[in-house]
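Please keep the structure open while reading.

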Amino acid sequence: MFEREIRLIPKHPKTQAEIEVAWCFPHDYSIGMSGLGFQLIYDLFDSAPDVRVSRVFKDVSEDVSRDCRLFGFTISWELDFINVFGMLEKHGIPWLSKDRTDEDPIVFGGGPVLSANPEPYADIFDVVLLGDAEVTIPRLLDAMRELKGVSDRRERLLKLSTYPGVYVPSLYEFEFESATGPISAVKALHDETPERVSKLLFRAPEDYVAHSIMLSPDTTWNETFLIEIARSCPQECRFCLASYLTRPFRTAPVETILKKVDLARPFTNKIGLMGPSITEHPDFDNVLDGLLSREGLSVTVASVRADTLNTELVGKLRALGQKSVTIAIESGSERLRRIMKKNLTEAEIFHAVDAIESGGMSGLKFYGIAGLPFETMDDISETARLITELKKTHKKLKFVFGCTSFVPKAQTPFQWKGRDPQSKQKLEFLRKNLAKIGVDVRIESHNWSDIQALLSRGDRRLTPVLTEVAKAGESLGAWKKVLREYEGSVPSLKYYAYRDIPETEILPWAHISTEDKMPILSRQMAEALTEAKL
């Protein structure tokens, strides 16, 4: 696989590598190398003249030096964590931080899962990086250079903890009201260790945009050049991790985007525009015009905002090779969309679908969520009604409806709300009522969403559960069996995933959130509650 790669930026020459790094993705090469974040961080390491970095995947890897000092993972999906254990074991590294010696590398992690709530994995990772990679990776390398010659592991971790954006879980102690009860206190164990770890924010220069460093026919994107034209989302829907974890909303200049596309054009005509809300780029029309002026490009876009679409814009996307569009409506209920701060009316949805059809697209995919906070069966019925009406009035389009059940995410306004016990039945209601009218319905597993929620709002008491599941295999059966075995000594699935958490309760991730963030989230939650009462 590695030999089939095309490097858009040559591998940086090394004079003498002082720091050996293993950069890992806890899944197969085809998925890991499809991730823009994984490639970005690889290049940040590789661009340092004193760093040699090797890539490690679940199925293949480059050679990892015996002198490896940093062994890192990015985790973008909760359920990938199981592969971390196997990859550590394969390279002779103990699973838990407390069992590692001075000779073992520092095991660090990053990515949205760990940045939102690292606590379920606190006993696994020596270090967790918080914030944008463009600043956290250089900061980590600076720290490792300062620590050259320091062999004592404890001393290294203590020094690392003094750097902003670097969280060392073992230097914090959690106290609980009981074995299965809430957190009563979180304490830093040393005076040098900050009580609260701040996230680092990257302010990009005008000539910067994150993009693919390598192309490969062996990835799920198949030699597509990915470029992040927008980071975060200005709408800040109250359930959405992407909005709140990476805020504020930032966009790349059009000239910079097109210059980087030109870098890739000698090697591929496939371009992927990335970002949670790319059509809200203030110059998105100009981005498309620039791409259209470059003959032969085939462009794919991520999910788009319905209220940004018009026939002209859709026509440009179609001319660039896009055949279908994905929009996230979450719910067909206007009441529920107001509560979640979706800022999208039914009229705007109809206008968007009109534009998609008249603009020449052949397909349309909706994203939906069942079991959202404050949802009733009337709201679910509204979703079925809206999709049915849209399908009846837009017969040229193939309709796909992808739906998951609500998973509360740390560091969002809905972090305090539990999962809906009726969400499985609601998903089935939608599947049944939409499939019978010819909609291609794709429902995400309710049971696996339970596990996602467990990990999303869990704490470090889950360590024995994670290690036992890793030994037993990653099946749902293994999860259920292990959770039963630890009943009474570890909080239950219901505790972590389904209960509403009082706002007075200490959250597992409170000490890695900025001091002003919790009041913002609390205010948003209060506004949602007010909307629900109207």
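In this predicted model, the axes of helix H9 (residues 284-292) and helix H10 (residues 311-319) come within 10 Å and cross at roughly 30°. Angles under 35 degrees count as roughly parallel, and H9 and H10 are therefore roughly parallel to each other.

**Helix pair H9 and H10**

- The crossing of H9 and H10 is left-handed.
- On the H9 side, the contact involves Phe284, Asp285, Leu288, Asp289 and Leu292.
- On the H10 side, these residues meet Leu313, Lys316, Leu317 and Ala319.
- The residues of the contact of H9 with H10 comprise six nonpolar and three charged ones, with no polar residue.
- Two packed helices are described by the angle between their axes and the distance between the axes.

**Three-stranded sheet**

- Three strands form an open sheet in the order S11-S14-S15, and the pairing is parallel.
- Strand S11 (225-228) and strand S15 (298-301) are the edge strands, each pairing on one side only.
- On average, neighbouring strands of this sheet are turned by 25° against each other, direction ignored.
- Strands of a sheet pair through backbone hydrogen bonds, either parallel or antiparallel.

- Strand S14 (residues 270-274) pairs with S11 in the parallel sense over four bridges.
- Leu226 has Gly272 in S14 as its bridge partner.
- Helix H8 (residues 254-264) lies across S11 and S14.
- The direction of H8 is at about 165° to S11.

Conventions. Residues are numbered from 1 along each chain as its sequence is written. This is a predicted model: local features need pLDDT of at least 70, side-chain atom pairs count only at pLDDT 80 or more; totals for chains, interfaces and linings use all residues. Side-chain values use heavy atoms; hydrogens and water are left out. Axes are lines fitted to C-alpha atoms, for helices over the stretch in contact, and angles run from 0 to 180 degrees between N-to-C directions. Helices (H or I, at least four residues) and strands (E, at least two) are DSSP runs, numbered from the N terminus. Angles under 35 degrees count as roughly parallel, over 145 as roughly antiparallel, 65 to 115 as roughly perpendicular and the rest as oblique. A crossing is left-handed if the near helix is turned anticlockwise from the far one by less than a right angle, and right-handed if clockwise. Contact means heavy atoms within 4.5 Å. Ala, Val, Leu, Ile, Met, Phe, Trp, Tyr, Cys and Pro count as nonpolar, Asp, Glu, Lys and Arg as charged, and the others, Gly among them, as polar. Two strands pair if DSSP finds at least two bridges between them.
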